[in-house]
Amino acid sequence: GFNRANLQFFVQEKVSLTNRKIEALRLVKAINGGGIIYALTIKEAEEINTFIKKNKISSAVYHAKLDPAKRTKIQDAFMENKYKVIVATVAFGDRKST
């Protein structure tokens with residue numbers, strides 16, 4: 001399940017994309033270890049990922065429109081701590097998603 005002591009969840013309502021990007025960056029810088037930022041759309045995930053990368057944080061975007069082999073490669077790299085952050089849609093972890 002998702003209710004584990006090593007996980008923290010942050011949820012905010014009605015925040016602009018600009019403020020979501022700023023808050024996501026603040027949280028990423030504040031945490032030890034890696035994290036996943038979930039976005040509602042592919043476009044939003046890509047925008048947040050670009051913002052995170054511009055701020056010199058190792059990250060990758062992950063969504064169902066990526067080639068399955070690329071999704072697997074990104075997920076495996078994240079599990080090996082090669083990325084501090086994955087910016088994903090709900091497709092993250094679903095290697096069968098098309």
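Biologist: Which side chain of opposite charge is nearest to Lys21, and how far away is it?
Modeller: A salt bridge needs a side-chain nitrogen of Lys or Arg within 4 Å of a carboxyl oxygen of Asp or Glu. Lys21 is buried yet has none, and Glu47, the nearest side chain of opposite charge, is 4.5 Å away. Buried means under 20% relative accessible area (1.4 Å probe, protein chains only). Lys and Arg count as positive, Asp and Glu as negative; His and the chain ends are not counted.

Biologist: What kind of model is this?
Modeller: A predicted one: local features need pLDDT of at least 70, and side-chain atom pairs count only at pLDDT 80 or more, while totals for chains, interfaces and linings use all residues. Residues are numbered from 1 along each chain as its sequence is written, and side-chain values use heavy atoms, leaving out hydrogens and water.

Biologist: And the confidence?
Modeller: pLDDT is the predictor's confidence in each residue, from 0 to 100. Here the chain averages 85, with 86% of the residues at 70 or above.

Biologist: Where does Lys21 sit, and what does Lys21 touch?
Modeller: Lys21 belongs to helix H1 (residues 17-30); helices are DSSP runs of H or I, at least four residues, and strands are runs of E, at least two, numbered from the N terminus. Contact means heavy atoms within 4.5 Å. Leaving aside residues up to four places away in sequence, Lys21 touches Glu47, Ile48 and Phe51.

Conventions:
Buried means under 20% relative accessible area, exposed over 50%, partly exposed in between (1.4 Å probe, protein chains only).
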